[in-house]
Structures are given as structure tokens and as C-alpha cells.
Amino acid sequence: MKTITTGKVKTVYDAGEGKAIIEFRDDITAGDGAKKEAKEGKGSINAEISARLLRFLEEKGVKTHLKEFVRPNKFLVTKVEIIPVEVILRNIATGSLVRRFPFEKGSELNPPIVEFGYKNDDYHDPMLNNDIALALGLCTRDDLTVMRRLALKVNDLLKEFFFERGILLVDFKLEFGKTSDGEIILADEISPDTCRFWDSETREVMDKDRFRKDMGSVIEFYSEVRRRVLS
């Protein structure tokens, strides 16, 4: 199959007839790719977690690009035109938020904070406001409204899903794409690579921060997230 794009941790292939194959590789990166390793089994773990979560969201009325999970580490998806705007949902203050604003680390955010980011490695994915997104021609004002609405719905659904499994959904990013008929649907993945997860009792980190901060046991905690998600 023809390669459409090779990203930091995934490769996308053209599957024809308006479909694509996404391969989840074992690579893990941080710092815009400055830090990179391969963790055996990581690709299949993320694929399985993300497949379960996307199916759950479909059951709750959120349309996604997933058509089939091809074990161990591939998705067959509807081909979409990715909107180059990341939507970041924050439920608990941590990370860059507490470096930029006077929030107390670990405090609950009520209401949750929605931010937009420019999906562009050359510019290190900077934060956007609506006017910048429109001036750059990244999307329309209606697109931003739809993505915000869908992201908040996803947040409400996933917060409850994870809480029932002893996990706090601290923050996460989503990507959306447009189908051939212009409909905006959820794309990409939802995994420990794209979310911050804390154990609800111990607040132990269960996500990519373990790699970013050299905390160790990356695969062990990714595997524990998978165990709980599939339970």
C-alpha cells in the first residue's frame, strides 16, 4: 500500500476506496521528537486501548473514523482530511497550564478548560485562539464550534468511563477530520500517548509523562491502563 504519511509513532497507508490503514508503531517520543525510544509492545497496547475507546464513543453517538481494529496494531479507518487544529481538554491543572497560569497543581478545573493548538511540528504545536486559526485558514468558525462541542461531549463520556475504572482523566488532546461529504468526525487515537491518566486513589502517573520525566515502567503502566479499559 502507498504510504500517506509517516509520523512520530504512527504510519498511515492508503487502503483505497476512501479508506486508510493506520499502523501503531512501538516508538515513543517527547519534546517534539528530541527524545525517542522504541518500547516493545507499545504500539499494540495503544491500538487496543484506542479501539476500545473509539467503539465506546461510537456507541454513545460520537462518530469516529474507526471502521475495524486489525490486531495487533492496525486500524482500518475512513479516510478524512485532518483539520490541523488540536483540541486540548483539561480537567485537572498540571503540565504547561500551571507554568502559564496561577493554577494550583492538581486542582480540579470547573468548568473544564478547552484550548486549541496548531498541529505543526515546525512551529512546535503552539496554542491558538479563534482569530489566529481563522487568519491562517486552518478551519472555519463553525468548524471550531463543532470541534469544541464534540470535545466537551467526549470529555463527559470518558471522564465517567475512566472514573468507573479507577482512573482520573487529567487532560487529553483530540484530532478531528472532515469526511468526503464535509462532516467533522473524531480521528487519530485516544491512548496514554495523548492523555494524562492518574490512578484515582494514589494519583500515580499512568501515561507518557513516565517517559517524558524518566519515571520508568512505561510499558507496565500502559498495560495497566489497557487492563482497566478492557475490563
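Student: Which strands and helices do the buried residues of H6 pack against?

Tutor: They pack against strand E4 (27–30), helix H1 (42–59), H4, strand E12 (167–178), E14 and H5, where packing is judged by contact, meaning heavy atoms within 4.5 Å. Helices (H or I, at least four residues) and strands (E, at least two) are DSSP runs, numbered from the N terminus. A word on the source: this is a predicted model, where local features need pLDDT of at least 70, side-chain atom pairs count only at pLDDT 80 or more, and totals for chains, interfaces and linings use all residues. Residues are numbered from 1 along each chain as its sequence is written, and side-chain values use heavy atoms, with hydrogens and water left out.

Student: Why is the pair of Phe101 and Phe103 called edge-to-face?

Tutor: Their ring centres are 6.4 Å apart and their planes stand at 70°, so the pair is edge-to-face.

Student: Why does Phe103 count as partly exposed?

Tutor: Phe103 has 34% relative accessibility, so it counts as partly exposed. Buried means under 20% relative accessible area, exposed over 50%, and partly exposed in between (1.4 Å probe, protein chains only). Phe101, at 41%, is partly exposed as well.

Student: What kind of pair do Phe162 and Phe197 form?

Tutor: A tilted one, with 4.7 Å from centre to centre and 45° between the planes. Phe162 lies in helix H4 (residues 141–163) and Phe197 in strand E14 (residues 195–199), so this pair ties together parts that are 35 residues apart in sequence.

Student: What makes Arg165 lie over the face of Phe161?

Tutor: A charge sits over a ring if NZ of Lys or CZ of Arg is within 6 Å of the ring centre and within 35 degrees of the ring normal. Arg165 is at 3.7 Å from the ring centre of Phe161 and lies over its face. Lys10 lies over the face of Phe24, at 5.9 Å.

Notes
Phe/Tyr/Trp six-rings, centres within 6.5 Å; stacked < 30°, edge-to-face > 60°.
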